[in-house]
Amino acid sequence: MTGGHVERISGYWYGEQDAPTSVDVLNALRRYRSAEVAMRRRTRASMGMGETDLLALRYLLEAGRRGEIVTPKELAARLDISSASTTVLIDRLVKSGHVRRDPHPRDRRSIIVVATPSSDDEVRHTLGRMHERMLEVAESLTPQQSEAVVEFLTRMREAVEAIDAE
């Protein structure tokens with residue numbers, strides 16, 4: 001939507017309609033997802049990382065903010081990768097200065113993986129303005145609009161996840 005009007009772009013999957021419809025909503029969602037994928041690709045390129053590296057870093061940063069510790073085994077489970085792949089991933093992120101290995105605070109036989117403060121700064125610098133703009137848009141919604149958007153996105157997520165359950 002731009003300026004309160006529905007943006008009319010080729011229907012691509014669903015065809016074009018005269019008035020805003022559920023098809024317009026799905027097309028807008030598809031365009032948003034395409035823009036988000038492109039933004040993530042630019043972010044990975046600017047940070048010199050692959051998709052899994054960026055997912056791992058994001059998870060480690062979020063865990064750090066919550067005060068949680070992450071072992072390599074937990075990271076592997078979160079990313080759904082093998083322990084060998086996790087070792088290679090951690091080695092790569094340590095070498096690039098994005099994470100470090102620390103001793104586990106309660107288990108001397110284990111280590112934890114921690115995002116470095118510089119990686120947090122880099123992510124904030126790279127994504128900060130985009131997140132500010134997204135927050136501005138979200139804050140511009142009325143409580144009723146916010147409720148509708150949250151409900152819609154929740155139901156869309158459930159619909160997509162239900163495909164795997166069938």
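Read from the N terminus, the elements of the protein chain follow the order α-α-α-α-β-β-α-α. That makes 6 helices and 2 strands in the secondary structure of the protein chain. The model is a predicted one. The protein chain has 166 residues, of which 25% count as buried.

**A buried histidine in a loop**

- H98 lies in the loop that runs between α4 (83-95) and β1 (99-103).
- The relative accessibility of H98 is 6%, and H98 therefore counts as buried, the cut-off being under 20%.
- In sequence, H98 and L54 are 44 residues apart, while in space their C-alpha atoms are 10.0 Å apart.

**The second largest pocket**

- The second largest pocket holds about 480 Å³ of space.
- This pocket is lined by 19 residues, and those closest to its centre are R58, V123, L127, M130 and H131.
- Two or more lining residues come from each of the elements α1 (22-47), α2 (51-65) and α5.
- The largest share of the lining of the second largest pocket is given by α2, with 8 residues.
- By residue class, the lining of the second largest pocket consists of 9 nonpolar, 3 polar and 7 charged residues.

**Salt bridges**

- The count of salt bridges comes to 14.
- One of them joins the side chains of D120 and R124, at 3.4 Å from N to O.
- D120 and R124 are separated by about one helical turn, because they stand 4 residues apart in helix α5.
- D120 has a relative accessibility of 19% and so counts as buried, whereas R124, with a relative accessible area of 49%, is partly exposed.
- Another salt bridge is formed by the side chains of E68 and R66, at 3.0 Å from N to O.
- Relative accessibility is 41% for E68, which counts as partly exposed, and 47% for R66, which also counts as partly exposed.
- E136 makes a salt bridge with R129, and their closest N and O atoms are 3.8 Å apart.
- E136 is partly exposed, at a relative accessible area of 46%, and R129 counts as partly exposed, at 41% relative accessibility.
- A network of salt bridges links R40, R44 and E51.

- L141, V149 and L153 make a nonpolar surface patch of about 210 Å².
- L141 is located in the loop between α5 (117-139) and α6 (143-165).
- The relative accessible area of L141 is 31%, so L141 is partly exposed.

**Points to keep in view**

- The helix α5, which runs over residues 117-139, holds the pair D120 and R124 and is among the elements that give two or more residues to the lining of the second largest pocket.

Key
Residues numbered from 1 in each chain as written. Predicted model: local features only at pLDDT ≥ 70, side-chain atom pairs only at ≥ 80, totals over all residues. Heavy atoms only, no water. Patch = residues over 30% accessible without salt bridge, like charges linked within 9 Å, V, L, I, M, F, W, Y side chains within 5 Å. Areas by Shrake-Rupley, 256 points an atom, 1.4 Å probe, with all protein chains shown as cover. Salt bridge = Lys/Arg side-chain N within 4 Å of Asp/Glu carboxyl O. Buried < 20%, exposed > 50% of the residue type's maximum accessible area, 1.4 Å probe, protein only. 1 Å grid on protein atoms, 1.4 Å probe; cavity = no way out; pocket = protein on both sides within 12 Å on 5 of 7 lines; lining within 4 Å. Points joined across faces, edges and corners; volume = space filled by probe spheres on them. Nonpolar A, V, L, I, M, F, W, Y, C, P; charged D, E, K, R; others polar.
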